[in-house]
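Dear colleague,

Please find below the structure that I am handing over to you.

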Amino acid sequence: MPDLWGLAAIATKFFLYLGVLASGGLILCRLVLADQMSAFDRAARIWAIGFATLAVAMAALGFAVRGAVLMDDVSGMVDPSILALLWQTPPGEALLFRLLGLGTLVLGAAIGGRWLWVAAVGGAVAIWSFCEIGHVASQDRLWFQSVLFAHLIAAAFWIGIFLPLSRLSRSADTLGDAAALGHRFGQIASVAVPLLVVAGAIMTWRLVGSVSALFGTGYGLSLLAKLSAVALLLALAALNKVRLVPALQRGDPGVGPQLSQSISLEWLCVGVILFATAIFTSVLTVPT
C-alpha cells in the first residue's frame, strides 16, 4: 500500500494525464474534424482551456510532491533549495515542457482561428513531456520514446471526441450532426486505433519482457488491469462504429441515448486506464 506521498503522486499523475490528453485531444479533433466540429469551435476551445488549466495545476502540484518525498515532510513542497535541485533533474525538464506546451495551448485556444495550430503544437509539446521522464525515458531509446508519443497522440485523439460526440447525441435536433461526426471519426480511428494498439503492445513487451513478469509482479498486474480496460474500450468503440453510428445515419432517434451511454462507459474505461498508468508510473518499478 503506497504511503501518503505515494497516494498524492498517483492522484496528481492521474489528473495530469487526464488534463493533458483531453486538452490536446480536443484541439486535435477540432483541427482534424474541422467540418464536423465547426459549430463546436467555441465549446471545444473552452473545454480545452479548462482541461489544460487542470493539467498545469497538477503538473505544479506533482512537482511539489516530489519535494515532499525527498524531505519526507510537507515543507519540501515549498522549500526553494529542494525545488531548485529538482528543477535540474528530469522531473524539472518534464515540468518545463508541460508548462510551455500547456501555456501555448491555452494561448492558441483562447485566440482561436489559425492559432488553433499553435495550440496543437503546444498540446504535442505537453504530450511529449511524458516521453522525457519515467520508465520509457529510462530505456534511453529515441525510437521507444517515439512509439510512446504516437501511442499518446492516438489516445488523445480518441479522448478528444468524447465530449462533442456525447453532447450532440443527447439532443434529437443534433443527431444528424452526431452521425456525421461519429462516421468521420470512425474513418480516422480505423487507422489511429490500430496504431494505438500496436504501439501499446510494443511498449508492454519491451517493459515487461516476459509472461511471468506480467502475471507475477505488481507492475505487470497493474498493466493487466490497464489492458483489460483497453479491451473493453475497444469493444465499445466497435459497437459504436458497427451498430450505433450507422443507426444514427439511418435516422433512428432511439440510438442517441444509447450512444451517450456508451461514451459514458468509454470515459469510465479511460479513467481505469489512466489510474492504472498513474500507479505503475508513480509507485511501481519495471520488472527486471
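Cys29 is buried, because its relative accessibility is 0%. Cys131 likewise counts as buried, at 0% relative accessibility. A search of the whole structure returned zero disulfides. Please bear in mind throughout that this is a predicted model.

Salt bridges

Two salt bridges are present in the structure. In one of them, the side chains of Asp41 and Arg30 meet with an N to O distance of 3.0 Å. Asp41 belongs to helix α3 (residues 41–71) and Arg30 to helix α1 (residues 4–32), so this pair ties together parts that are eleven residues apart in sequence. Are these two residues buried or exposed? Both Asp41 and Arg30 are buried.

Asp41 also forms a salt bridge with Arg45, and the closest N and O atoms of that pair are 3.0 Å apart. Arg45 is buried, as is Asp41. Through shared partners, the salt bridges join Arg30, Asp41 and Arg45 into one network.

Aromatic residues

The count of aromatic pairs comes to eight. In the pair formed by Phe40 and Trp47, the ring centres are 6.1 Å apart and the planes stand at 35°, so the pair is described as tilted. Phe40 itself is buried, because its relative accessibility is 9%. Elsewhere, one aromatic cluster is formed by Phe14, Phe15 and Phe275.

Why is helix α8 (residues 162–169) described as largely enclosed by the rest of the structure? The reason is that six of its eight residues are buried. The buried residues in α8 are Phe162, Pro164, Leu165, Ser166, Leu168 and Ser169.

Gln261 is located in helix α12 (residues 255–282). Gln261 is exposed, because its relative accessible area is 54%, whereas Ser166 is buried.

Leu239 and Leu259

Leu239 lies in helix α11 (residues 218–249). With a relative accessibility of 33%, Leu239 counts as partly exposed. How far apart are the C-alpha atoms of Leu239 and Leu259? The separation is 9.3 Å, for two residues that stand 20 residues apart along the chain.

Finally, Leu107, Ile111, Trp115 and Val118 make a nonpolar surface patch of about 340 Å². Of these residues, Val118 is placed in helix α6 (residues 116–128). Val118 counts as partly exposed, because its relative accessible area is 30%.

With kind regards

Conventions
Residues are numbered from 1 along each chain as its sequence is written. This is a predicted model: local features need pLDDT of at least 70, side-chain atom pairs count only at pLDDT 80 or more; totals for chains, interfaces and linings use all residues. Side-chain values use heavy atoms; hydrogens and water are left out. Patches are made of residues with over 30% relative accessible area and no salt bridge: like charges are joined within 9 Å, nonpolar side chains (Val, Leu, Ile, Met, Phe, Trp, Tyr) within 5 Å. Accessible areas come from the Shrake-Rupley method with a 1.4 Å probe; for residues, only the protein chains shown count as cover. A salt bridge is a side-chain nitrogen of Lys or Arg within 4 Å of a carboxyl oxygen of Asp or Glu. Helices (H or I, at least four residues) and strands (E, at least two) are DSSP runs, numbered from the N terminus. Buried means under 20% relative accessible area, exposed over 50%, partly exposed in between (1.4 Å probe, protein chains only). A disulfide is a pair of cysteine sulfur atoms within 2.5 Å. Rings of Phe, Tyr and Trp (its six-membered ring) pair if their centres lie within 6.5 Å; planes under 30 degrees apart count as stacked, over 60 as edge-to-face and the rest as tilted.
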